[in-house]
Structures are given as structure tokens and as C-alpha cells.
Amino acid sequence: SQSRYLPQIQQHLQSIPLLHRVLGVSVRTWRAPHDTCALSAHRAKQFKPEKYLEVIKKFENKVEAIFFSFDNPEAEKYFKDVTIPRINIPLTQFSPLVQAATKAQILGNCGLILGDKESTFIEAAWYMGGCRADVILIS
């Protein structure tokens with residue numbers, strides 16, 4: 001089934017280049033506002049941006065663009081020096097649920113998804129994209 005979006009989001013989605021040449025990165029810090037359990041606190045201590053950056057560097061000349069999905073905007077600072085052109089879709093005016101669903105749909109339509117092996121978000125994104133993307137899991 002075809003996903004439906006608010007007109008403002010649909011406009012941005014249509015401006016994205018062919019997604020099969022896009023690296024989708026789901027950065028899971030385990031420090032999102034909804035992460036309040038002890039397991040999330042433990043996982044937050046294990047967040048290592050350099051693991052993401054190491055994989056991203058391998059794709060610098062192999063993809064046309066990169067899309068980041070952050071569970072916490074504070075993590076963006078670790079990725080400011082990434083040179084791959086970014087796909088930026090302003091979503092802050094929407095509810096957290098609309099933001100998450102849109103990010104998952106975009107990630108799922110990327111040719112390659114990079115994410116934390118403990119995160120179910122990338123699994124949901126992969127399903128939303130029809131299980132077509134290649135997935136790289138980091139730990």
C-alpha cells in the first residue's frame with residue numbers, strides 16, 4: 001500500500017534524489033526523551049559515533065546523498081563534518097509520531113540503511129520500504 005503524507009512532507013519527499021543511491025543513517029543514541037528505562041541508560045553509555053563515521057566514510061564516493069535520522073538532535077554535532085550531500089527535511093513542526101513515521105519511510109526507501117543492531121526502528125523502516133534496502137548493522 002502507498003503511504004500518504006501531509007502536503008508539506010510530500011513536497012519534500014518528491015525533491016529527494018533517487019533513493020537507491022542514498023545512504024540512510026539511523027543514529028540511535030538511546031537518549032531520546034522517551035528512553036527512560038534502565039536498559040536505554042545502559043545502551044546510551046555504549047553510543048559511539050565513530051562507529052557510524054567509520055562506515056559512512058567507506059561510502060563517500062559510492063552514494064549521491066545521505067539522510068540522517070537522529071533519536072536525539074544533540075547527536076547531530078558528531079556528524080557535522082560528513083561531506084556527502086545531505087537530504088534535509090524539516091519536520092519539527094509535526095508531532096513526534098509523524099516525524100518518526102516520515103523518517104522511517106525515507107530510511108526504508110534508501111538503497112542502504114546503516115543503524116544500531118539493537119534498534120528496532122531500522123527494522124521497521126526496512127519493512128516500510130518493502131524490504132528492499134541493504135542493511136549494515138553496527139554494535
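This report describes the fold of one protein chain, from its overall make-up to single residues.

The model is predicted: local features need pLDDT of at least 70, side-chain atom pairs count only at pLDDT 80 or more, and totals for chains, interfaces and linings use all residues. Residues are numbered from 1 along each chain as its sequence is written, and side-chain values use heavy atoms, with hydrogens and water left out.

## Overall make-up

The protein contains 5 helices and 4 strands. Helices (H or I, at least four residues) and strands (E, at least two) are DSSP runs, numbered from the N terminus. Read from the N terminus, the order of elements is α-β-α-α-β-α-β-α-β. Of the 139 residues, 44% are buried, where buried means under 20% relative accessible area, exposed over 50%, and partly exposed in between (1.4 Å probe, protein chains only). Among contacts with a separation of 6 or more, 61% are between residues 24 or more positions apart; contact means heavy atoms within 4.5 Å.

The 4 strands make an open sheet with parallel pairing, in the order 2-1-3-4. Strand 2 (65-70) and strand 4 (134-138) are the edge strands; each has a single partner strand, so one side of each has no neighbour in the sheet. From one strand to the next the twist averages 20°. Two strands count as paired if DSSP finds at least two bridges between them. Strands of a sheet pair through backbone hydrogen bonds, either parallel or antiparallel.

Strand 1 (residues 22-27) pairs with strand 2 in the parallel sense over 6 bridges. Within this pair, valine 25 is opposite phenylalanine 68, and valine 27 is opposite phenylalanine 70.

Although strand 2 stands at an edge, 6 of its 6 residues are buried, so the strand is largely enclosed by the rest of the structure. In a regular strand the side chains alternate between the two faces of the sheet. In strand 2 both faces are covered, with Ala65, Phe67 and Ser69 buried on one side and Ile66, Phe68 and Phe70 buried on the other.

Serine 26 belongs to strand 1. It is buried, with a relative accessible area of 3%. Leaving out residues up to four places away in sequence, serine 26 touches Tyr52, Ser69, Leu107, Leu114, Gly115, Asp116, Phe121 and Ile122.

## Helix 4 and its partners

Helix 4 has 13 residues and reaches 18 Å from its first C-alpha to its last, close to the 18 Å expected at 1.5 Å a residue. That expected span is 1.5 Å times one less than the number of residues. The buried residues of helix 4 are Gln99, Thr102, Lys103, Ala104, Gln105, Ile106, Leu107 and Gly108.

The axes of helix 4 and helix 5 (residues 121-128) come within 7 Å and cross at roughly 65°. Axes are lines fitted to C-alpha atoms, for helices over the stretch in contact, and angles run from 0 to 180 degrees between N-to-C directions. On the helix 4 side the contact is made by Ala100, Ala101, Lys103, Ala104, Gln105, Leu107 and Gly108, and on the helix 5 side by Phe121, Ala125, Trp126 and Met128. By class, this contact has 8 nonpolar, 2 polar and 1 charged residues. Here Ala, Val, Leu, Ile, Met, Phe, Trp, Tyr, Cys and Pro count as nonpolar, Asp, Glu, Lys and Arg as charged, and the others, Gly among them, as polar.

Methionine 128 lies in helix 5. Not counting residues up to four places away in sequence, it touches Ala101, Ala104 and Gln105. The C-alpha atoms of methionine 128 and alanine 101, 27 residues apart along the chain, are separated by 9.3 Å.

## Partly exposed residues

| Residue | Relative accessible area |
|---|---|
| Methionine 128 | 37% |
| Glutamate 50 | 45% |
| Cysteine 131 | 34% |

Glutamate 50 is in helix 3 (residues 49-58). Its C-alpha atom is separated by 9.3 Å from that of phenylalanine 79, 29 residues apart along the chain. Cysteine 131 is in the loop between helix 5 and strand 4. Cysteine 131 has a positive phi of about 60°, although it is not a glycine.
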